[in-house]
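Look at the structure below and follow its helices by number.

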Amino acid sequence: MRAHVVTFGCQMNEYDTHAIQSELAGIGYSFVDDFRQADLVLVNTCAVRGKPVEKAQTLLGELRKEKLRRRGAYTIGLIGCLAQLPEGKRLGEKFGVDIMLGPGAITEIVAALDRGRFRSFEFKHELQFYTPPPPRGAVSANLTIMRGCNHRCTYCVVPATRGPEVSRPADDVIKEAHALKDAGVVEVTLLGQNVNSYGMAPGTGARRALLDGYPSFAELLRMVGRAGIPRVRFVTSHPVNFDDEIVEAIADTPAVCRYIHLPVQSGSDRVLKRMAREYNREFYLSRIRRVRELLPDATISTDIIAGFPGETDEDFEQTLSLYREVRYDAAYMFIYSEREGTPAAIHFDDIPREVKTERLSRLVDLQKTISLEQNLKWVGEEVEVLVKGPADEQGLVQGHTRGNHVALIRGELEPGIHRVMVVHATPNRLYCARDASQGFDPVEPRAGIYRLTSAL
Ligand code: SAM
Ligand code: SF4
């Protein structure tokens, strides 16, 4: 029995795919790279923007053709966030999908295969967390600490696809961290839509009580930091819950990387309010100031949406001015994508696409300038790089620093942690050498490799 699993979207989907593959391997499946050679194809989907939905739709069209060619002897599964939404259910019917599992039900895959045609969209508490075996031979791994989101950002489908927040018991998190360490993992990323509200009682806002028996996120960071894994990361933070205790825990825990991804979405108070982000510009900047005070060497990145409904030129100028004030090292920049059923899609009018793309390209230009200035500061410094393997550029290996810079090193280095010297920088790369005399000719980045994550 051969399976092919396609993953769209975030690290959480990658983690879920890994769990599904472990379940399938347990009942005798092997994995192939081409869907035409498989008996079972699972599409693990993302629904956050229109573009990943379009990609899933195109793939489902191909899979339906393959199923017809094989006279039905082919099993297709649509799983993850898109499956949970009405949009996904329509696509499932249209393309003759056999199995549909929402993000809370993916571990029902074996039961689903037994039945042939199966649909489950429940969030069963006991099935939400599982401990997949550590990925074989991997130097870094993800570890889910919570699922779901209690916020209600008006543009976002995540609360509808992943349900309310549920935190995983700390003992299980620590046990999995130890298992990863024993398997040779040297970097673990703690995952959740809003990891900062780990362990908190239902609701939103900064001052929520902790659930019985749960540590706070700051305490959990300290606990995972003692597990003996050299690098601990976490995504994603929400400014409202990113409190001083968390910044202090990062400062006090050597294993925790000084890399903060703090999505801002907009620099305009008016837009933040329409997005229901629960903070204003000044509050966000107070969080950044605290990071700069306690972690002066931290790198900071963000998510920004350009062209939210009703965003004026003046609002957008405020996003640019906030960007200049924070001086982000990197950013994931998106144009607003209207998503069916969200409050923004129901109540607000989308703005013209040309306006959104023009704003996005101004933002990208600013990001390139600032990222280059930030990166040039590292030239001449020794940094720690976690090498993952060969880079696309010949003769180089690729990895990332503790600050999450993509780093390229000349020569052959084994996967793992290495100390190297930064000898050249571009807006989104640090070029490094094992000894400083081994310089680099200026290398310009290839087109299209900026962190312009999506134009849709
Ligand atoms: N929970 C995280 C937070 O609040 O920052 C991020 C989760 S979301 C999957 C990742 C990013 O996608 C968001 O930070 C936002 O910038 C972007 N995003 C979400 N919905 C979007 C939409 N409708 N259009 C464009 N970008 C969107
Ligand atoms: Fe979506 Fe907002 Fe929740 Fe992030 S905090 S997942 S953007 S609703």
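Helix 9 and helix 10 are roughly parallel to each other (angles under 35 degrees count as roughly parallel, over 145 as roughly antiparallel, 65 to 115 as roughly perpendicular and the rest as oblique). This is a predicted model, where local features need pLDDT of at least 70, side-chain atom pairs count only at pLDDT 80 or more, and totals for chains, interfaces and linings use all residues. Residues are numbered from 1 along each chain as its sequence is written, chains are lettered from A and ligands numbered from 1 in the order in which they are written, and side-chain values use heavy atoms, leaving out hydrogens and water.

**Helix 9 with helix 10**
- Helix 9 (residues 217–225) packs on helix 10 (residues 244–252) at about 15°, with axes 8 Å apart.
- Axes are lines fitted to C-alpha atoms, for helices over the stretch in contact, and angles run from 0 to 180 degrees between N-to-C directions.
- Helices (H or I, at least four residues) and strands (E, at least two) are DSSP runs, numbered from the N terminus.
- Phe217, Ala218, Leu221 and Arg222 of helix 9 meet residues of helix 10 including Glu245, Ile246 and Ala249; contact means heavy atoms within 4.5 Å.
- By class, this contact of helix 9 with helix 10 has 6 nonpolar, no polar and 4 charged residues.
- Ala, Val, Leu, Ile, Met, Phe, Trp, Tyr, Cys and Pro count as nonpolar, Asp, Glu, Lys and Arg as charged, and the others, Gly among them, as polar.

**Helix 10 with helix 12**
- Helix 10 and helix 12 (residues 281–294) pack at about 25°, with their axes 10 Å apart.
- That makes helix 10 roughly parallel to helix 12.
- Asp244, Val247, Glu248 and Ala251 in helix 10 meet Arg287, Arg290, Val291 and Leu294 in helix 12.
- By class, the contact of helix 10 with helix 12 has 4 nonpolar, no polar and 4 charged residues.

**Helix 2**
- The buried residues of helix 2 include Val53, Leu59 and Leu63 (buried means under 20% relative accessible area, exposed over 50%, partly exposed in between, with a 1.4 Å probe and protein chains only).
- The buried residues of helix 2 pack against strand 1 (2–7), strand 3 (40–45), strand 4 (75–80), helix 3 (81–84) and helix 4 (86–94).
- Just after helix 2, Arg71 takes a positive phi of about 55°.

**Trp378**
- Trp378 lies in the loop between helix 15 (353–376) and strand 15 (382–390).
- Trp378 is partly exposed, with a relative accessible area of 24%.
- Trp378 and Ala425 are 47 residues apart in sequence, but 7.8 Å apart in space, C-alpha to C-alpha.
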